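Here are some notes for a first look at this structure. Please keep the model open while reading.

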Amino acid sequence: MKLLKSLMASAAMATMLVSFAVTPAAASNQSEVTDEKLTSMQGASPYVEADTEEEAMKKLDKIEQENPGGISVQAASVRFGPCVLYPESFHTRKSSGHKHGGVKPVTVCTKKVTGIKMASQLRYKNALMWVKTGVQIPQTATDKDLKPGKYRYKKKDWVVKFQQTNMEYKCKGTKSHKWSASTIGRLRYQGRTLWARVYASPISAECGPH
């Protein structure tokens with residue numbers, strides 16, 4: 001009986017971890033975003049607890065509406081985690097001869113967590129709107145990425161640091177465009193699921209959208 005319970009517990013844990021690892025987080029369901037909306041979501045975001053992504057986005061929407069100057073952990077009566085998601089601006093890769101570009105958002109934590117995933121979606125400025133281009137790119141932290149240590153970022157020390165590095169968007173020509181990106185982060189901490197959402201600060205780059 002003890003062996004059966006142990007096997008069942010192991011199977012349940014494995015199922016939870018696999019589900020966490022393969023389920024993509026949608027960076028944004030909106031095809032177009034206004035300047036006002038993008039500006040309101042610039043800057044770092046704490047991770048908020050929620051059972052589903054939809055619930056998390058509603059909580060983050062409310063926080064952003066109540067705090068247009070930026071989100072803080074005192075912004076609303078919701079449960080926050082020990083991590084923060086920071087956006088990083090679009091850039092073209094020197095290693096590709098500046099023919100590819102992307103963003104590298106960072107999640108940093110003050111405590112050990114059991115899982116982190118980020119998914120980023122590039123956007124470019126088209127007239128008055130920020131429009132999606134390319135596909136959403138997810139990246140899941142490995143056990144090595146989650147190993148606690150001492151990491152310096154934004155002039156602070158953190159226990160965990162994970163950066164998305166797998167985005168390589170092929171530029172269509174070198175005409176200058178304004179770029180941003182939406183990123184949603186999801187993490188597991190003490191058996192709870194938490195979410196964060198950010199938009200990268202707009203920047204001009206010699207990279208054409210498809």
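This is a predicted model: local features need pLDDT of at least 70, side-chain atom pairs count only at pLDDT 80 or more; totals for chains, interfaces and linings use all residues.

1. Start with the largest nonpolar core, which has 16 residues. Which of them touch the most other members? They are Tyr47, Cys83, Leu85, Cys109, Val113, Ile116 and Leu187.

2. Next, look at the strands behind this core. At least two residues come from each of β3 (80-86), β7 (115-126), β12 (160-163), β14 (176-189) and β15 (192-199). The biggest contributor is β15, with three residues.

3. As background, nonpolar side chains in soluble globular proteins tend to be buried together.

4. Now turn to the backbone. Most residues other than glycine have a negative phi. His98 is not a glycine, yet its phi is positive, at about 65°. Find His98 in the loop that links β4 (91-92) to β5 (100-102). Is His98 buried, partly exposed or exposed? Its relative accessibility is 41%, so His98 counts as partly exposed.

5. Where is Lys155 found? Lys155 lies in the loop between β10 (151-153) and β11 (156-158). With a relative accessible area of 73%, Lys155 is exposed, because the cut-off for that label is over 50%.

How values were computed: Residues are numbered from 1 along each chain as its sequence is written. Side-chain values use heavy atoms; hydrogens and water are left out. Helices (H or I, at least four residues) and strands (E, at least two) are DSSP runs, numbered from the N terminus. Buried means under 20% relative accessible area, exposed over 50%, partly exposed in between (1.4 Å probe, protein chains only). A nonpolar core is a set of buried Ala, Val, Leu, Ile, Met, Phe, Trp, Tyr and Cys residues joined through side-chain atoms within 4.5 Å.
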